[in-house]
Amino acid sequence: MIFFENISKMYKPDTVALKNVSFQIGANGNEFVSIVGKSGAGKTTLIRLLLREEEPTSGKIIYGGKNIAEIKNKDLSIFRQKIGCVFQDYRLLPNKTVFENVAYAMEVMGATDYEILRDVPRLLEIVGLEDRAKHFPLGLSGGEKQRTAIARALAVRPEVIIADEPTGNLDPYHTRDIINLLEKIYDLGATVILATHDKAIINSLSRRVITLDNGEIIRDEEKGRFIL
Amino acid sequence: MFTFLRRVIRFGWHNFWRAGGLNVATVFVLIVTISLITTLFISEGAVKHIIAQIKEKIDISVYVAPETSNEEMEIIKDRLVEMPEVQAVSIVSKEDALEQFRERHKNDPVLLESLDIVGTNPFYASLNIRANDPEQYAAILEVLNSSSLDDIIYKVDYVEKKTVIEKLSGFITNVNTGGLLMALALGVVAVLVAFNTIRVAIYDASKEISIMRLVGAPNRFIRGPFIVQGMIAGAIAALASFFILLLVSYFLAPKIDAMTNGFNVFSWFKARAFGLFFVQLASGIALGVISSLIAIRKYLTA
């Protein structure tokens, strides 16, 4: 489903973020993949390339049979609607309530008001935020913000959820909470790509782990552990 | 399409009311800009009034020979009135001229006494001519001199007044050109300041724009609310500016009236209230929308 073919990414003047990286995700249906590595190993660059926030210096990323570099700018929004994103800094819209943040993702893809009123409360229930619907992000805890971001990512019924250090700003209790949610999403049929450097999470998951070091894949194991 | 419009308007409305600070600053700058543009219109009205007043004061007198009859005077008057350059002609008879002289010098017994010594009315009847434009006097005189009227014209005081008339004409032209240039320069500065404020507001929202893009919002969904925000800011600023200027013109009217010799700024404002408000609203919305469109462009390139 997603193929990274000989991807390299260089930043001027001489920083190599990724070196000839090749792997595939979701070859046999949906998958839960963790990408681990130290800070600066290339995890975030990989995610930015997949979202086409940046272009690789060389190589191809094939998503759903298409080279994403060939997607026209005007069709980029449709491509991104298929991917749900969760980030360490939550990236919520500060002037929208929890309900509106989640609804926004549906509104931009053209969902009807009926669908929004039907689905958003359900999504907020899944992430345990039904009583926070009218709150603005500023009044939420870190865990609540991240759960809002997950609800928003789920709102578009994505094929893939990308979570870049989603627990980076959370305490252990909320960390477990978020990981449980991601596992639940995987069980519902979506592919989850989790980038993290949290050893405890990786070791508790017991799922596929791709380990990056200095822009190169040094390990790709089916039931991997955090080894650096 | 209707759902899209409804959502874009709602997003713009929410962004405007919820973002606070910077929107208040934007509205404030737009109020200043719109008020400045409107003040330029008002100044133009005041300058026109002053110029009209000056023009009113300029005229020339054509003195006719003593034997000219009243009928002949009327004929000359009719001829002059027919000329497109002439705005008004009035006949001052010998008697009127004497009366005016007495009135003017009623506090100078020596002069009045000398009149009595002369015994007869020494004044000439005259025609006071006012042209539409001070620059047209020369042309009017040329027509007078070249026509059959030349014989009965005794004297024209244009030569004495020529320097003053030319100076006033020059002054009027300078005021018009200078005022236009100043208005243009001020207008450009005001528009640039307003544009920059909106640019800063959109720069402030650049992180939000990147979030919207990540969520998969198409460009029109990102651009739309900012345009709506610009329209709301422009409309509120236009409304505020209208009432501020209405109040200011009401309270300053007596002073400006005295300064300009009869230009009532409040009446002027009231008479053009609808048109002025339309100009303010149009310039406010146009400023808001165009600035937003230009400023947001660079965030929507990829």
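Several elements of chain A cover the buried residues of helix α6(A), in what is a predicted model. Among them are the strands β3 (32-36), β7 (160-164) and β8 (191-196). The helices α4 (113-126), α5 (142-155) and α7 (199-205) of chain A also belong to this cover.

Which residues of α6(A) are buried? They are A:His174, A:Thr175, A:Ile178, A:Ile179, A:Leu181, A:Leu182, A:Glu183, A:Ile185 and A:Tyr186. An α-helix has 3.6 residues a turn, so residues three or four places apart point the same way. Keep that in mind as you read the list of buried residues in α6(A).

Now check the length of this helix. Helix α6 of chain A runs over residues 172-187, which makes 16 residues. Just after α6(A) comes A:Gly189, with a positive phi of about 115 degrees.

Next, turn to the sheet beside this helix. Chain A has an open sheet of 6 strands. Their order is β6-β7-β8-β3-β9-β10, and the pairing is mixed. Why do β6(A) and β10(A) each have one side without a neighbour in the sheet? β6 (83-87) and β10 (216-221) of chain A stand at the edges, and each has a single partner strand, so one side stays without a neighbour. On average, neighbouring strands of this sheet are turned by 15 degrees against each other, direction ignored.

Helix α6(A) packs on this sheet. It touches β3, β7 and β8 of chain A. The direction of α6(A) makes about 155 degrees with that of β8(A).

On one hand it pairs with β7(A), in the parallel sense and over 5 bridges. A:Ile161 has A:Val192 of β8(A) as its bridge partner. A:Asp164 stands opposite A:Ala195 in β8(A). The chain passes from β7(A) through α6(A) to β8(A), and this β-α-β crossover is right-handed. β8(A) is also joined to β3(A) by 5 bridges, and these two strands run parallel. Here A:Val33 stands opposite A:Ile193.

Is β8(A) buried or exposed? 6 of its 6 residues are buried, so β8(A) is largely enclosed by the rest of the structure. In a regular strand the side chains alternate between the two faces of the sheet. In β8(A), A:Thr191, A:Ile193 and A:Ala195 lie on one side. A:Val192, A:Leu194 and A:Thr196 lie on the other. Both faces are covered.

A:Thr45 lies in helix α1 (residues 43-50) of chain A. The cut-off for buried is under 20% relative accessible area. A:Thr45 has 11%, so it counts as buried. Leaving aside neighbours within four places in sequence, A:Thr45 is in contact with A:Lys9, A:Tyr11, A:Ala17 and A:Leu18.

A:Leu51 sits in the loop between α1 and β4 (58-63) of chain A. Its relative accessibility is 0%, so A:Leu51 is buried. What does A:Leu51 touch, not counting residues up to four places away in sequence? In chain A, it touches A:Phe79, A:Arg80, A:Ile83, A:Cys85, A:Phe87 and A:Ile162. A:Leu51 also touches B:Leu214, a residue of chain B. A:Leu51 and A:Asn73 are 22 residues apart in sequence. Their C-alpha atoms are 12 Å apart in space.

The size of an interface is often given as the accessible area lost when the parts come together. Between chain A and chain B, the buried area is about 2,100 Å². Carbon and sulfur atoms give 55% of it. In chain A, A:Asn95, A:Tyr104 and A:Glu107 lose the most area to chain B. Together they make up 28% of what that side buries.

Finish in chain B. It has an open sheet of 4 strands in the order β2-β3-β1-β4, with antiparallel pairing. β2 (86-92) and β4 (153-156) of chain B stand at the edges, each with a single partner strand. Strand β1 (residues 60-64) of chain B is joined to β4(B) by 3 bridges. B:Val64 has B:Ile153 of β4(B) as its bridge partner. Helix α6 (residues 137-146) of chain B packs on this sheet, touching β1, β2, β3 (126-131) and β4 of chain B. The direction of this helix makes about 140 degrees with that of β3(B).

Definitions and conventions:
Residues are numbered from 1 along each chain as its sequence is written. Chains are lettered from A and ligands numbered from 1 in the order in which they are written. This is a predicted model: local features need pLDDT of at least 70, side-chain atom pairs count only at pLDDT 80 or more; totals for chains, interfaces and linings use all residues. Side-chain values use heavy atoms; hydrogens and water are left out. The expected span of a helix is 1.5 Å times one less than its number of residues. Buried means under 20% relative accessible area, exposed over 50%, partly exposed in between (1.4 Å probe, protein chains only). Contact means heavy atoms within 4.5 Å. Two strands pair if DSSP finds at least two bridges between them. Axes are lines fitted to C-alpha atoms, for helices over the stretch in contact, and angles run from 0 to 180 degrees between N-to-C directions. A crossover is right-handed if, with the strands pointing away from the viewer, the path from the first strand over the helix to the second runs clockwise. Buried area is the accessible area (1.4 Å probe) that two parts lose on being put together, summed over both.
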